[in-house]
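This report describes selected sheets, backbone features and the ligand surroundings of one protein model. The sequence and structure are shown first.

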Amino acid sequence: MNESSSTPGTGASSTPSPADAGMVIIGGGLTAATAAETLRKEGFTGPVTIVADEAEIPYQRPPLSKGFLAGKEDEDALLPLSAKWYQENNVTLLTGIAATALDPRAHTVGLSNDTSLSYAKVLLATGAAPRHIPFPGVDLKGVHTFRTKADSLAMKELFTGGGKNVVMIGSGWIGMEIAATATELGNKVALMGLEDVPLSVAIGNELGTVFANRHKEAGVQFVLPASAAEIQGTDGTVTSVLTTTGVTLPADIVIVAVGVVPNIALAKDAGLTINNGVEVTASLQTSATDVFAAGDVANAMHPATGAYARSEHWANAIASGKVAAKSMLGQTAVLDDIPYFYTDQFDLGMEYSGFGALAKDAEIVVRGSLEKREFVAFWVLEGRVVAGMNVNIWDVQEAIKALISSGRTVDTTKLADPETPLEDI
Ligand SMILES: Cc1cc2nc3c(=O)[nH]c(=O)nc-3n(C[C@H](O)[C@H](O)[C@H](O)COP(=O)(O)OP(=O)(O)OC[C@H]3O[C@@H](n4cnc5c(N)ncnc54)[C@H](O)[C@@H]3O)c2cc1C
């Protein structure tokens with residue numbers, strides 16, 4: 001397939017040979033690492049090549065806005081697999097090299113170093129990138145997005161020591177996590193977003209307020225609902241943000257965290273079906289033969305709901321990386337996990353399982369205390385639990401997932417009663 005080397009950063013041959021083509025994985029995130037590991041665990045001994053455009057071996061992102069940013073976790077916490085693993089398992093890592101073209105008919109991938117690879121099966125694990133909104137002043141020095149290890153390292157340097165005015169544009173999970181970490185490091189954070197209550201798109205006003213109140217206690221200023229009318233600066237460097245509600249917020253650092261968009265360019269140019277990401281079956285097969293997609297970029301048919309869902313979460317990167325690898329090997333594999341994610345903000349630890357799309361129309365039932373910030377919230381639709389979230393209460397995820405997957409009708413009075421075991425509902 002290529003002049004295989006397990007040393008990160010080495011190039012690929014310019015003369016692909018379809019005869020010995022192996023598995024090619026495009027992308028250098030958690031999905032890619034998990035897929036490579038699964039291919040080897042499942043006994044595949046042929047060539048495996050990961051094409052990763054960042055100059056890093058594959059890493060996971062959740063610590064970037066939490067422990068790694070706060071200086072509590074080191075680089076090892078970012079690595080699902082060590083550099084040694086790739087060498088020992090004969091997986092070729094092409095770091096700092098982008099896949100620039102995919103030809104599903106010829107079974108080839110063109111690379112940014114003007115070489116190409118041939119493949120037997122290819123996995124698109126290209127993830128997602130921060131959404132860019134052309135706010136006036138967005139190009140000023142001091143305005144950032146946040147996705148990569150490099151972004152986290154740059155922000156760690158700016159936040160450490162404290163005393164900075166940080167303006168966050170975006171009131172979703174990433175914005176709230178970075179706001180918490182920046183505040184803990186002694187900075188003054190002002191946060192704006194389009195909702196009345198942060199996180200309300202994901203979990204509703206009542207539960208979003210629990211997180212907002214914790215942030216307020218720590219000194220985070222919310223300007224809601226509001227967007228940025230103009231990012232203002234002097235001599236090319238940011239000094240303040242004028243909100244659409246007429247508030248001027250002083251700013252040394254502005255972070256734009258307004259969601260992500262899936263990296264679909266390669267798939268689109270290759271003629272694959274695009275539908276809020278790369279559309280795939282429950283086995284993660286794209287519309288092209290021998291081409292699979294997984295992780296943040298893939299919009300997969302979920303067998304439980306009969307609807308497409310694109311998950312932008314850590315657990316999905318792992319689960320879908322495994323399923324994709326098995327599908328590439330011709331095994332019968334289906335991505336039918338109940339979606340799961342987690343967040344940590346100040347002393348609030350949270351886990352969520354369920355189908356967010358169904359939860360939008362559901363009744364929320366709380367067991368525990370919102371005031372004490374120790375509770376489990378359930379989303380109940382037509383008598384059935386479709387999602388559940390535990391905050392500062394642990395070891396209940398399996399029971400929550402069992403309730404969701406059972407599809408059984410529940411008694412909401414019992415559901416709200418902490419004395420009734422979840423298994424008995
Ligand atoms: C700061 C932060 C915190 C997060 N915290 C949480 C959390 O607490 N809980 C949770 O559940 N989820 C969290 N997430 C989400 C989670 O990290 C993602 O769902 C996960 O990273 C998806 O993995 P992926 O491998 O599919 O995509 P990515 O991690 O985006 O990796 C894709 C990689 O492919 C590369 N690539 C793209 N195109 C090409 C190409 N053409 N050629 C080569 N390489 C290419 C990209 O540069 C990138 O390196 C967080 C995300 C961020 C950014």
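Strand β13 (residues 237-243) pairs with β14 in the antiparallel sense over 3 bridges; strands are DSSP runs of E with at least two residues, helices are runs of H or I with at least four residues, and both are numbered from the N terminus. Two strands count as paired if DSSP finds at least two bridges between them. The model is a predicted one, in which local features need pLDDT of at least 70 and side-chain atom pairs count only at pLDDT 80 or more, whereas totals for chains, interfaces and linings use all residues. Residues are numbered from 1 along each chain as its sequence is written, and side-chain values use heavy atoms, with hydrogens and water left out.

Within this pairing, L242 has T248 of β14 as its bridge partner. On the other pairing, β12 and β13 run antiparallel and are joined by 6 bridges, with T234 opposite T237 of β13. Together these strands form an open sheet of 3 strands in the order β12-β13-β14, with antiparallel pairing. Its edge strands are β12 (228-234) and β14 (248-250), each of which pairs on one side only. From one strand to the next, the twist averages 30°; axes are lines fitted to C-alpha atoms, for helices over the stretch in contact, and angles run from 0 to 180 degrees between N-to-C directions.

## Hairpins and backbone exceptions

The hairpin of β12 and β13 has 2 residues between the strands, and D235 takes a positive phi near 50° there. In the hairpin of β13 and β14, with 4 residues between the strands, G246 takes a positive phi near 85°.

Most residues other than glycine have a negative phi, and most peptide bonds are trans. H107, a residue other than glycine, has a positive phi near 60°; H107 lies in the loop between β4 (99-103) and β5 (108-111). The peptide bond from L224 to P225 is cis, with omega near -15°, and P225 is found in the loop between β11 (221-223) and β12.

## The β17-β19-β20 sheet

Another open sheet has 3 strands in the order β17-β19-β20, with mixed pairing. Because β17 (278-280) and β20 (307-309) stand at the edges with a single partner strand each, one side of each is left without a neighbour in the sheet. The twist averages 30° from one strand to the next. Strand β19 (residues 298-302) pairs with β20 in the antiparallel sense over 3 bridges, and A300 has A309 of β20 as its bridge partner.

## The ligand shell

There are 34 residues around the ligand, of which D53, E54, R61, K66 and D296 come nearest; a residue is near a molecule or strand if one of its heavy atoms lies within 4 Å of it. By class, the shell has 16 nonpolar, 10 polar and 8 charged residues (nonpolar: Ala, Val, Leu, Ile, Met, Phe, Trp, Tyr, Cys and Pro; charged: Asp, Glu, Lys and Arg; polar: the others, Gly among them). Elements that each supply at least two shell residues include α1 (30-41), β2 (48-52) and α8 (314-328). Domain 1 (18-129 + 261-328) and domain 2 (143-258) both give residues to the shell, so the ligand lies between them; the domain bounds come from an automatic or database domain assignment.

An N or O atom in the side chain of R61 is 2.6 Å from an oxygen atom of the ligand. A backbone N or O atom of H313 lies 3.0 Å from a ligand oxygen atom. The protein covers 93% of the 1000 Å² of accessible area that the ligand has on its own (Shrake-Rupley method, 1.4 Å probe; for residues, only the protein chains shown count as cover).

Definitions and conventions: A polar contact is a pair of N or O atoms within 3.5 Å; within protein, one must be able to donate a hydrogen and the other to accept it, and residues adjacent in sequence count only if both atoms are side-chain atoms.
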